[in-house]
Amino acid sequence: MLKIVFMGTPDFAEESLKRIYEEGYDIKAVVTNVDKPKGRGMKLIPSPVKVFANEKNLKVYQPEKVKNNKEFVEEIKKLEPDVICVVAYGKIIPKEILEIPKYGCINVHGSLLPKYRGAAPIQWAVINGDKETGITTMYMNEGMDTGDMILKESVTIGENETTGELWDRLSKVGAELLVKTLKLIEKGDFSREKQGEDYTLAPMLKKEMARIDWQNSSANQIKNLIRGLNPIMGAYSLLNGKKIKFWRAEVITEEELIKLFPEMQEYSYKLKNIEPGTVLFSDSKYGLYIKAKDGILKIIEIQGENAKKMNINDFLRGNEISVGSIFT
């Protein structure tokens, strides 16, 4: 049975750790990020990977840094791992660690490489409106997700699927693919495929990208931004100076709006000239509809400033959004 050191941090990585534990692999140690302060009391919260490791009495390391950390490198060398499994660890693995395991370092990456190398592959697949993504396992090298590929598995992205929903699905796909990869290595199958240079990048998300650009974005682009930033930070817009976050939305056509609300028929000739971001219909029973550059956003879930996420109908029962008002 392979001797493994596992490196990972979020719940996405926890799924992989859980599966290799269930398979009975000899997990010599688990490496995860340091506990992070959260909440009003800024209480230190352990990562999901650490929580699972502690439950199973696995040895846990939480180095502040792994680069230029000779003491940590020596600790890993003493464990004599056959493989180091890296899943969403959150730090770049230096050469001196990559060279330790007998069969190399294996990474579980949330895209079909070479597409979406980088820190946020799942998020960018949703934001860009992709129809398909997947998981790739690969041998790690010193580059950013540039190592030789081992196995791939593709999944279809749902039309209204959020990053959070896709994240959960892919975490399970990744866990199973990691087990399959380790079994290949156990059999002595070290087949690998070069990535080539036709790649795209998936950089870390920035807060400024969360603000909706009603003037220059299509209805589908806005919808994809909303679901792509759910649950990470939420896409937002300003209404009367207050920040409103959008968590779920659907796109409908002007024809569909008129079919839903026949009274809009008399205004149909005006719709194309209405400024994007304008509220076309707002009612606690029927919902909120906002004009986009080339379509209409039907809002499903929303969050007022300093408030909780709410279904749009519940939100509108206690918060008035007037027809004709403009999100900016």
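Which helices and strands each supply at least two residues of the lining of the largest pocket?

## The model

This is a predicted model, in which local features need pLDDT of at least 70 and side-chain atom pairs count only at pLDDT 80 or more, while totals for chains, interfaces and linings use all residues. Residues are numbered from 1 along each chain as its sequence is written, and side-chain values use heavy atoms, with hydrogens and water left out.

## The largest pocket

Helix 1 (11-22), strand 3 (36-38), strand 7 (105-109), helix 5 (121-127), strand 8 (132-139) and helix 6 (163-186) each give at least two residues to the lining of the largest pocket. Helices (H or I, at least four residues) and strands (E, at least two) are DSSP runs, numbered from the N terminus. A pocket, on a 1 Å grid over the protein atoms alone, is an open set of points where a 1.4 Å probe fits, with protein on both sides within 12 Å along at least five of seven lines, and its lining residues have an atom within 4 Å of a point.

The space in the largest pocket comes to about 1,500 Å³, a volume being the space filled by probe spheres set on the grid points, which are joined across faces, edges and corners. Its lining has 48 residues, and Pro10, Ala88, Tyr89, Gly90 and Ala119 are the closest to the centre.

## Helix 1 against helix 6

Helix 1 and helix 6 pack at an angle of about 35°, and their axes are 8 Å apart; axes are lines fitted to C-alpha atoms, for helices over the stretch in contact, and angles run from 0 to 180 degrees between N-to-C directions. Among the residues that meet are Phe12 and Ile20 in helix 1 and Trp167 and Leu170 in helix 6, where contact means heavy atoms within 4.5 Å.

## An aromatic pair

Rings of Phe, Tyr and Trp (its six-membered ring) pair if their centres lie within 6.5 Å, and planes under 30 degrees apart count as stacked, over 60 as edge-to-face and the rest as tilted. The count by this rule is eight aromatic pairs. Tyr21 and Phe52 form an edge-to-face pair, because their ring centres are 5.8 Å apart and their planes stand at 90°. This pair links distant parts of the chain, with Tyr21 in helix 1 and Phe52 in helix 2 (residues 48-55), 31 residues apart.

## Backbone details

Most residues other than glycine have a negative phi, and most peptide bonds are trans. The peptide bond from Leu113 to Pro114, however, is cis, with omega near 10°, and Pro114 is found in the loop between strand 7 and helix 5. Asn57 has a positive phi, near 60°, and its place is in the loop between helix 2 and strand 5 (60-61).
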